[in-house]
4 protein chains.
Amino acid sequence: MIKAGIVGATGYAGAELVRLLLGHPQVELTAISSVSFEGTALSEVYPSYRGLCDMVCADQDTVVEKCDVIFAALPHGLSQGLAQQCADHGKVFIDLGADFRLEDEETYKAWYDGEFDNKELHKQAVYGMPEFFRDEIKGKKLIANPGCYTTAVPMALAPAVVNHLVSVQGIIADCKSGTTGCGRKPSQRTHYPELNESFSAYKVANHRHCPEMEQTLTKLSGQKASVTFVPHLLPINRGILATCYARLNEGVTEEQLRQVYEAFYKDEYFVRVLPKGAVADVKHVRCSNFVDVSIHVDEKANLLVAISAIDNMVKGAAGQAVQNMNLVFGLEETMGLTMVPPAF
Amino acid sequence: MIKAGIVGATGYAGAELVRLLLGHPQVELTAISSVSFEGTALSEVYPSYRGLCDMVCADQDTVVEKCDVIFAALPHGLSQGLAQQCADHGKVFIDLGADFRLEDEETYKAWYDGEFDNKELHKQAVYGMPEFFRDEIKGKKLIANPGCYTTAVPMALAPAVVNHLVSVQGIIADCKSGTTGCGRKPSQRTHYPELNESFSAYKVANHRHCPEMEQTLTKLSGQKASVTFVPHLLPINRGILATCYARLNEGVTEEQLRQVYEAFYKDEYFVRVLPKGAVADVKHVRCSNFVDVSIHVDEKANLLVAISAIDNMVKGAAGQAVQNMNLVFGLEETMGLTMVPPAF
Amino acid sequence: MIKAGIVGATGYAGAELVRLLLGHPQVELTAISSVSFEGTALSEVYPSYRGLCDMVCADQDTVVEKCDVIFAALPHGLSQGLAQQCADHGKVFIDLGADFRLEDEETYKAWYDGEFDNKELHKQAVYGMPEFFRDEIKGKKLIANPGCYTTAVPMALAPAVVNHLVSVQGIIADCKSGTTGCGRKPSQRTHYPELNESFSAYKVANHRHCPEMEQTLTKLSGQKASVTFVPHLLPINRGILATCYARLNEGVTEEQLRQVYEAFYKDEYFVRVLPKGAVADVKHVRCSNFVDVSIHVDEKANLLVAISAIDNMVKGAAGQAVQNMNLVFGLEETMGLTMVPPAF
Amino acid sequence: MIKAGIVGATGYAGAELVRLLLGHPQVELTAISSVSFEGTALSEVYPSYRGLCDMVCADQDTVVEKCDVIFAALPHGLSQGLAQQCADHGKVFIDLGADFRLEDEETYKAWYDGEFDNKELHKQAVYGMPEFFRDEIKGKKLIANPGCYTTAVPMALAPAVVNHLVSVQGIIADCKSGTTGCGRKPSQRTHYPELNESFSAYKVANHRHCPEMEQTLTKLSGQKASVTFVPHLLPINRGILATCYARLNEGVTEEQLRQVYEAFYKDEYFVRVLPKGAVADVKHVRCSNFVDVSIHVDEKANLLVAISAIDNMVKGAAGQAVQNMNLVFGLEETMGLTMVPPAF
């Protein structure tokens with residue numbers, strides 16, 4: 001059994017990790033920590049877990065000491081020290097935060113107003129999108145788990161981008177996220193009477209996930225990608241729908257795209273390319289690690305409309321982290337992640 | 001592996017059974033049927049199941065023939081023939097409908113406007129509430145799976161009723177159900193723009209589940225119970241909250257009640273008696289087979305307020321059916337039902 | 001034109017008052033204040049009001065000075081001083097808070113942990129439920145506007161209680177409120193991802209509104225009333241549904257009740273007694289000052305089930321306050337309150 | 001008083017017209033009709049209207065005969081005959097359906113599979129977007145009231161398009177609509193348990209409103225416009241958010257855009273251009289005729305992101321129809337439409 005620990009277990013990503021790890025057949029959830037709730041049982045914070053995870057929140061050091069793999073779901077900036085600590089103790093570290101996602105320090109500075117404390121450590125970090133970078137992840141010790149939007153958008157576009165069927169310049173990613181993406185901390189924005197029956201965009205063309213998705217699309221295509229990213233907040237709990245627009249290269253047809261998408265993802269358990277006529281819906285991947293992708297073409301405008309749906313807390317956070325852990329430890333990649341999404 | 005089949009698999013209870021049985025380690029989902037969708041893959045009806053259950057709906061006879069245990073989720077009146085068919089072929093039959101729940105034929109006639117086709121068959125039926133009637137269920141072949149409200153209300157009151165701490169006359173059960181309880185068929189009532197942001201009661205003191213919960217409370221107490229049952233429809237998907245009011249017998253205290261409740265349910269994996277101060281919430285049992293129970297006393301009025309929360313589709317339907325199957329086949333009672341309810 | 005002002009205009013009740021007063025033909029909204037947002041335009045706090053109420057929040061003294069009538073929506077304890085200030089300046093004061101609702105100081109102390117600063121002032125206060133105490137309200141200068149639950153419950157029961165058709169002992173009021181009842185301040189409880197798809201009770205048989213509704217029912221019946229009051233929080237924005245249970249006196253029939261209810265409320269513009277078979281729904285009174293009342297009888301248990309629906313922010317707060325203002329100033333009672341509730 | 005009638009009063013647009021016309025000071029709602037509910041009181045269909053509009057649904061002929069202005073909210077194809085009937089009787093006809101919106105018959109055929117029965121009549125029709133075509137509407141007798149999406153998108157882009165600051169080719173309109181846009185008829189898609197907590201696109205780049213918005217943008221710009229239109233369905237009742245992307249012409253800056261937008265809409269009561277930093281939200285225009293517009297620039301991509309929010313049932317249907325009626329009859333354009341949108 002792998003001994004797993006979570007630093008920042010009382011945030012939403014941490015709590016979702018608890019749910020998934022409790023159901024993982026090769027993992028023993030060994031320790032959890034939380035700055036805000038040290039000394040409190042997790043089930044006091046999340047009564048859903050009563051009787052299932054009454055473990056008391058310890059401190060970070062305890063988690064590092066007791067566990068083989070440490071997951072962290074922390075505000076940005078705080079993971080770097082923890083990563084160093086894990087490295088020093090030879091532990092596997094899977095970071096759900098943003099500290100190790102961007103390879104370029106200048107970009108990190110520009111968007112996160114911080115520095116790379118240890119540049120060597122950053123070089124060891126692997127970007128954990130298994131469907132694209134599987135071989136690099138296996139056996140590594142420092143994994144930068146992707147963000148939610150930055151999982152959804154490349155998933156929608158990868159087959160077209162890898163096969164040079166669309167331009168990677170001028171991509172538009174109109175994304176809509178459920179409210180768990182805002183985290184656990186209450187705010188006026190997420191106060192029920194104000195968010196309920198509302199719908200709006202935020203950080204229009206000015207969100208930190210933009211350089212991260214550009215980085216992935218650039219890697220996949222081998223060409224510098226640019227994205228206009230507009231996130232919106234949906235009055236639902238879970239899910240991201242990414243509606244992505246990309247200019248088709250000369251002569252590319254919908255049929256061709258469909259074949260390329262199906263071929264690209266055919267061995268991927270978690271990716272479901274929908275048949276012609278179907279449209280991806282966040283409902284259908286809820287509480288699961290699946291990514292549903294549907295493709296549509298506006299022939300008049302010579303435009304690909306690629307839509308992906310993920311659960312932002314699973315494939316967009318905790319589920320992908322477990323998938324990465326499985327790869328790191330040489331387990332079956334889908335282990336602990338084969339739950340059926342509820343139909344309603 | 002037990003070969004399991006579902007008759008009426010495209011209704012909500014049937015579809016939820018599919019979700020649970022796919023995750024059951026000792027069950028192979030072998031055949032499903034649907035009158036409305038014969039010949040159609042289940043994943044066309046429920047795209048959440050794409051790639052996970054693309055099984056095509058067959059007819060009822062096929063299900064009976066191929067399977068060891070047949071679950072049925074049918075409109076009332078239709079299960080009796082199927083039960084006979086299963087009995088004739090020596091198959092285990094677990095009925096999620098109402099045909100075999102009421103022991104008294106006159107009551108059945110009064111509320112369901114039907115008859116017992118085969119009175120002998122009705123005598124063999126066991127009412128499948130494992131927490132109360134576990135020993136009667138084991139090894140039986142015809143199980144009447146309880147209704148949703150009729151699970152929630154007795155769960156809230158059983159310890160008090162069994163121990164004669166409250167009067168079983170004049171009980172009030174003010175219940176609130178999520179909309180999956182209305183079934184899959186669209187109606188004006190469940191049309192999104194009309195149900196959203198609404199809240200109302202229905203069938204006030206005139207709902208078919210009333211005699212069924214009275215039957216259970218009567219059995220548990222050994223005294224004729226009477227309940228005023230008022231169901232309400234909540235604009236959420238899943239869950240029943242049953243707020244039950246019962247007059248305390250002379251001298252009964254909250255402490256005493258708390259001890260009795262904790263003792264009564266202490267070996268029940270699926271029942272969580274909440275600590276003083278906590279209140280049951282449908283959120284905390286969502287997608288799981290748990291029953292959360294909280295108790296409160298209005299000393300001024302000498303009244304017990306017992307509140308239970310279940311997921312109407314799991315403990316109130318499909319989950320309890322699987323629990324019954326486990327008992328019938330001598331498996332661990334919790335097998336396939338230990339999923340952690342999502343915290344959000 | 002009446003010059004109206006609001007102290008505490010940025011809370012939900014205050015903001016709803018703004019909406020109503022802007023549409024009132026005989027009122028000029030003259031000044032508003034807010035401790036938290038002094039110096040800020042109301043439309044910055046509530047962008048819905050942009051261009052319609054860009055008035056800047058001033059301080060309390062300014063409001064009292066400039067206005068003929070002062071509405072206050074303040075945390076309990078803070079209205080007493082303001083009431084005194086209004087009295088000293090000869091202004092009409094309509095208090096949406098709890099400070100003047102309870103006539104008995106001991107009860108106030110027990111539930112609000114405060115005192116009556118000026119007992120004389122309390123004697124001058126009139127409890128502002130126009131349907132019941134209309135004549136006492138006219139021309140008065142200090143109005144205690146009722147709470148939300150404490151409007152809904154007596155509205156459901158008054159005709160039966162006044163006419164001694166039910167016992168006023170042992171009443172059960174199982175109430176469900178929308179989330180605007182929690183106020184504007186964010187909290188974990190009202191954080192969208194946690195409240196959405198949840199449903200629970202709170203302050204079970206221990207809520208401050210209980211003595212207030214008992215006071216009203218006692219006045220109406222002339223007998224000491226006792227209520228077990230259990231509030232629940234609904235994941236919708238607006239509305240209270242009060243499901244009230246009262247024991248019928250010997251020989252009282254549903255027909256008789258229906259006649260009494262219709263007669264009692266026949267001249268009340270805002271009260272709609274629903275025809276047999278219909279059930280009150282919060283949806284149908286949304287954003288309006290209406291009270292829908294439906295009555296049902298459980299003959300078996302000899303129980304009246306009376307259900308009322310109000311919009312907690314209108315009839316349960318700001319609308320009733322305007323209705324009181326109309327009475328105080330001798331205007332048509334319905335003025336500014338005849339908006340049609342949206343059908344969806 | 002203008003005698004107004006509604007043909008198709010029990011659909012959502014018709015019912016919303018009832019709400020608005022009941023509050024209009026110069027209108028008497030004189031007759032309504034409904035094929036499905038002839039002989040039934042409107043308040044039986046919409047209990048919100050009980051006591052406010054208990055008018056019984058008559059037939060179409062009665063409405064035409066009794067009224068000065070006839071509004072119709074009918075499935076496409078059915079308005080043409082009614083328009084003729086109104087023309088023959090000299091009545092004003094305001095059509096909320098699609099029959100008279102498209103000027104080009106071939107386009108109509110392609111998208112609606114119908115013909116122009118009377119080409120002369122079509123020539124008399126005026127497209128009723130008051131903010132753009134006010135002068136053409138005044139005094140006319142046949143008004144084609146725009147669709148919902150086709151109001152939202154041009155409203156977001158008009159100032160930029162009219163002033164040639166963006167290309168009208170390659171526009172992307174990623175729109176999200178509340179569920180009242182699906183109409184009153186229940187369907188699997190709008191069945192509460194399935195739509196709740198879902199989010200998806202539909203008719204991707206293949207929706208009938210596309211040619212209509214292209215027609216408006218072409219008229220406004222004087223150049224052939226082309227739009228890729230992707231509608232999505234939001235699990236809320238009311239509102240459309242249109243997130244529109246258009247390529248900026250050389251050298252156009254955000255400041256310049258902001259000035260142009262403010263100047264363009266400065267005399268428009270119903271249009272609120274939001275200040276820098278604010279983002280349009282459907283919540284803030286709910287139940288009102290307002291259009292909130294926010295503009296954003298992605299400098300990197302040289303792209304305008306213009307976002308508009310309307311209530312699809314008001315500015316997107318019934319409200320705009322009343323605005324058109326006011327213009328036709330020479331009334332104050334905002335009459336009956338100055339309600340304050342509720343803040344929550």
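User: Why is Arg238(B) called buried?

Analyst: Buried means under 20% relative accessible area, with over 50% called exposed and anything in between partly exposed (1.4 Å probe, protein chains only). Arg238(B) has a relative accessible area of 1%, so the residue counts as buried. A word on the ground rules: this is a predicted model, in which local features need pLDDT of at least 70 and side-chain atom pairs count only at pLDDT 80 or more, while totals for chains, interfaces and linings use all residues. Residues are numbered from 1 along each chain as its sequence is written, chains are lettered from A and ligands numbered from 1 in the order in which they are written, and side-chain values use heavy atoms, with hydrogens and water left out.

User: What makes the pair Asp311(B) and Arg238(B) a salt bridge?

Analyst: The term asks for a side-chain nitrogen of Lys or Arg within 4 Å of a carboxyl oxygen of Asp or Glu. Between Asp311(B) and Arg238(B) the N to O distance is 3.0 Å, so the pair meets that definition. Asp311(B) is buried too, at a relative accessible area of 1%.

User: Which parts of chain B does the salt bridge of Asp311(B) and Arg238(B) tie together?

Analyst: The side chains of these two residues meet at 3.0 Å, N to O. Asp311(B) sits in the loop between strand S13 (303-310) and helix H12 (314-328), and Arg238(B) in the loop between strand S9 (227-233) and strand S10 (240-247), so the pair joins parts that are 73 residues apart in sequence. Helices (H or I, at least four residues) and strands (E, at least two) are DSSP runs, numbered from the N terminus.

User: How do you know that Glu333(C) and Arg134(C) link separate parts of chain C?

Analyst: Their side chains meet in a salt bridge of 2.7 Å, N to O. Glu333(C) lies in the segment after helix H12 (314-328) and Arg134(C) in helix H7 (residues 130-137), so the parts tied together are 199 residues apart in sequence. Glu333(C) has a relative accessible area of 14%, which means that it is buried.

User: Where do salt bridges join into a network in chain A?

Analyst: In chain A, Glu16(A), Arg19(A), Arg238(A) and Asp311(A) are linked in one. Over all chains, the search finds 80 salt bridges.

User: What makes the salt bridge of Glu197(A) and Arg286(D) one between chains?

Analyst: The closest N and O atoms of Glu197(A) and Arg286(D) are 3.1 Å apart. Glu197(A) belongs to the loop between helix H9 (192-195) and strand S8 (200-201) of chain A, and Arg286(D) to the loop between strand S11 (271-273) and strand S12 (291-298) of chain D. Both ends are buried: Glu197(A) has a relative accessible area of 2%, and Arg286(D) has 9%. Glu197(D) and Arg286(A) also form a salt bridge, at 3.1 Å, N to O.

User: How do you know which surface the copies A and D use to meet?

Analyst: Contact means heavy atoms within 4.5 Å, and 43 residues of chain A are in contact with 43 residues of chain D. Of the interface residues of chain A, 100% are also interface residues in chain D, so the copies meet through the same surface.

User: What is behind the buried area given for chain A and chain D?

Analyst: Buried area is the accessible area (1.4 Å probe) that two parts lose on being put together, summed over both. For chain A and chain D that comes to about 3,300 Å², 59% of it on carbon and sulfur atoms. On the chain A side, Glu197(A), Phe199(A) and Lys283(A) lose the most area, together 20% of what that side buries. The count between these two chains is 6 salt bridges.

User: How many residues do chain C and chain B bring to their contact?

Analyst: Each brings 43 residues. Chain C and chain B bury about 3,200 Å² between them, and Glu197(C), Phe199(C) and Lys283(C) supply 20% of the area that chain C buries there, more than any other three residues. Across this interface there are 6 salt bridges. Asp174(B) and Lys176(C) form a salt bridge at 3.1 Å, N to O.
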